[in-house]
Amino acid sequence: MTPASELNTSSHALLGIFARNGIDRVFLVPGESYLGVLDALHDFPGIDVVTCRHEGGASFMAGADGRLTGRPGVVMVSRGPGAANAAIGVHAAQQDGVPMILLIGQVPRKDLRKQAFQEIDYQKMFGSIAKWVHEVTAPEDLAWAAFKALRVATSGTPGPVVLVVPEDVQQATASRPEWTMAPCSPSQPAPDTLERLRALLQSASRPLIIAGGAFNAPGGRDALRLLAERHGVPVAVSFRQHDIFPNTHPLYAGDLDLATQAAQVAAFDSSDLILALGTRLGDITTQGYTFPVYPRPSQTLVHCHVDAHTVNQHFAADVGLVADPVATAQALAALPPTGGAARGDWAASLRAIRERVAAWPSPKADDGVPFVSVVRALAEQAPADLMVCLDAGTFAAPVYRHFPFAYPQRLMASQSGAMGYGTPAAIASQLRNPQSKVVCLVGDGGFMMTGNEMMAAAERGLPVFFIVSNNNCYGSIRVHQARTYPGRYVGTNLASPDFTMMARAFGMQTEHVTRQDQVDAAIARGLAATAPYFLEVKTSLAAILPDGADSEAGIDLLGRAAAPTLYSR
């Protein structure tokens with residue numbers, strides 16, 4: 001075989017740029033519109049090719065991989081239907097702020113903008129969610145387009161980039177540049193700004209850090225913890241960023257999420273200084289732009305983000321810092337300690353509220369296992385490096401509220417709220433972290449969307465522990481129906497196949513739990529498994545519905561008042 005370095009097609013130039021810049025895995029569903037790139041992949045054995053069963057699953061995998069590595073996750077799809085299927089992952093990557101490159105094959109150049117078979121104008125399709133959409137129309141431009149895609153996807157707020165490559169651009173002769181991205185030096189506050197921050201910290205009696213996903217970076221978690229400890233400042237994490245600060249730490253004050261309790265928000269709002277570091281201060285983190293007060297907070301607000309577009313976008317900051325949050329936290333942690341006894345009391349009061357909120361309930365239900373029991377067993381038996389990959393749904397709520405994450409434990413959950421994320425994220429996570437235990441938590445609805453991607457676990461022997469919560473319902477929507485249109489349930493009942501039989505057909509060990517007293521042992525077996533392991537849990541629908549709502553799962557009407565709601569999202 002001719003070495004890849006001696007092959008001079010435009011696709012080899014593209015993949016050469018990827019390989020030189022750390023791309024060692026691509027996720028794809030093959031298609032005839034990018035056969036030239038597929039052929040070139042044959043000459044890059046250092047790039048692992050993960051063949052997926054649906055472009056939505058492939059794009060979710062790429063987004064999860066980008067979150068874990070900080071490098072763009074790469075997904076390759078064919079034009080038209082393939083690109084449309086992959087759009088869900090592009091949206092998720094934009095919402096999550098993770099780097100991703102979607103490569104789409106395109107019709108030949110002579111057919112562009114003629115409404116050819118499966119042609120789409122991808123600038124119009126992806127322009128509002130991707131950071132950059134570029135259609136390459138000359139073979140010699142493919143290498144620089146790939147190089148720019150890497151830079152754009154990882155700069156500022158990371159996000160998705162779309163590269164569109166016509167069929168007749170992929171195998172033309174082209175030079176092989178050897179460009180490598182140099183890492184940017186982290187930007188830090190100017191000395192006078194740092195002095196102002198020191199003075200603000202010194203004078204504050206009730207400061208609060210709102211920490212965002214930017215701390216999911218090398219040294220980020222240590223910098224955040226050192227800053228909090230140095231100045232005795234409690235930390236609330238932004239939407240679904242639980243693993244950036246140890247939840248067991250006395251300074252952990254909780255999360256700002258879809259169901260943050262009113263008492264917590266009121267306590268946070270009584271702060272006199274907010275250090276919003278590495279968060280975009282989006283609608284969920286700010287509780288619908290109500291905390292802090294929109295647009296001019298009642299507290300002193302320091303907002304630090306690497307992206308100039310983000311700082312002051314929604315809230316007028318007293319100190320707006322376009323700087324690297326990790327470097328900023330390190331600089332603040334190096335200052336002399338501030339605060340006193342009053343600050344300790346403040347931190348303790350927030351921690352007490354958090355502990356009340358996070359206390360495990362002891363639910364009872366006669367229509368299935370309350371899923372919180374599964375989450376509790378998982379938390380009590382969790383290894384130190386557990387990776388929890390969550391799909392969307394009410395079953396996930398007890399993870400967000402109760403699971404005590406402490407790094408290297410990881411939470412892999414999409415901020416886009418898209419169903420179908422869990423299984424692909426688990427595959428990508430186990431591939432990237434083969435020594436860690438990866439658990440996928442998914443509902444019956446989300447599993448039927450992308451559960452077929454677990455074939456990769458069976459094919460490669462990945463020891464992912466799949467746990468499916470089956471209540472025969474789109475539970476989140478049923479909760480909304482019960483609150484808004486009680487008793488009028490349309491479109492939320494689900495008829496499901498035998499999930500354990502499906503998993504056995506995939507070659508997996510399986511079991512089915514129907515009673516609460518079976519949970520602990522089943523979790524222990526799944527965590528100990530060294531091959532893919534599949535657990536279906538018959539879960540309670542009544543346990544998640546509002547008090548007094550009738551529960552109707554599948555064709556069974558319980559005909560009684562449901563148990564009080566424990567979780568709803």
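Biologist: Which residue in strand 4 does methionine 76 stand opposite?

Modeller: As a general idea, strands of a sheet pair through backbone hydrogen bonds, either parallel or antiparallel. In this predicted model, methionine 76 stands opposite leucine 103 in strand 4, and strand 3 runs parallel to strand 4 (residues 100-106), with 5 bridges joining the two.

Biologist: With which residues of strand 3 do valine 26 and phenylalanine 27 pair?

Modeller: Valine 26 stands opposite valine 74, while the bridge partner of phenylalanine 27 is valine 75. Strand 1 (residues 25-28) pairs with strand 3 over 3 bridges, and the sense is parallel.

Biologist: Are the faces of strand 3 covered or uncovered?

Modeller: The general idea is that in a regular strand the side chains alternate between the two faces of the sheet. In strand 3 both faces are covered, with Gly73, Val75 and Val77 buried on one side and Val74 and Met76 buried on the other.

Biologist: What does serine 59 touch, leaving aside residues up to four places away in sequence?

Modeller: Serine 59, which lies in helix 3 (residues 55-69), touches Val75, Ala86, Ile88, Gly89 and Met100 when those sequence neighbours are not counted. Its relative accessible area is 0%, so serine 59 is buried, the cut-off being under 20%. A polar atom of the serine 59 side chain also lies 3.3 Å from the backbone nitrogen of glycine 89.

Biologist: What does the UniProt record say about residues 11-125?

Modeller: An unreviewed UniProt entry annotates residues 11-125 as "domain: Thiamine pyrophosphate enzyme N-terminal TPP-binding". In the model this span is 45% helix and 17% strand, and its end C-alpha atoms lie 24 Å apart. The unreviewed entry also gives the annotation "domain: Thiamine pyrophosphate enzyme TPP-binding" for residues 391-537, a stretch that is 39% helix and 18% strand, with end C-alpha atoms 15 Å apart.

Biologist: How should I read the open sheet with the order 9-8-7-10-11-12?

Modeller: This sheet has 6 strands, and the pairing is parallel. Strand 9 (252-255) and strand 12 (319-322) stand at its edges, each with a single partner strand, so one side of each is without a neighbour in the sheet. From one strand to the next the twist averages 15 degrees. Within the sheet, strand 7 (residues 207-211) and strand 10 (residues 273-277) run parallel and are joined by 5 bridges, and alanine 276 in strand 10 is the bridge partner of isoleucine 210. Helix 8 (residues 220-231) lies across strand 7, strand 8 (235-237) and strand 10, and runs at about 175 degrees to strand 7.

Biologist: Why is helix 14 described as largely enclosed?

Modeller: In helix 14 (residues 422-432), 11 of the 11 residues are buried, so the helix is largely enclosed by the rest of the structure. Among them are Thr423, Gln430 and Arg432.

Key:
Residues are numbered from 1 along each chain as its sequence is written. This is a predicted model: local features need pLDDT of at least 70, side-chain atom pairs count only at pLDDT 80 or more; totals for chains, interfaces and linings use all residues. Side-chain values use heavy atoms; hydrogens and water are left out. Helices (H or I, at least four residues) and strands (E, at least two) are DSSP runs, numbered from the N terminus. Buried means under 20% relative accessible area, exposed over 50%, partly exposed in between (1.4 Å probe, protein chains only). A polar contact is a pair of N or O atoms within 3.5 Å; within protein, one must be able to donate a hydrogen and the other to accept it, and residues adjacent in sequence count only if both atoms are side-chain atoms. Contact means heavy atoms within 4.5 Å. UniProt positions are given in the numbering used here, feature names are shortened, and annotations may be inferred rather than shown by experiment. Two strands pair if DSSP finds at least two bridges between them. Axes are lines fitted to C-alpha atoms, for helices over the stretch in contact, and angles run from 0 to 180 degrees between N-to-C directions.
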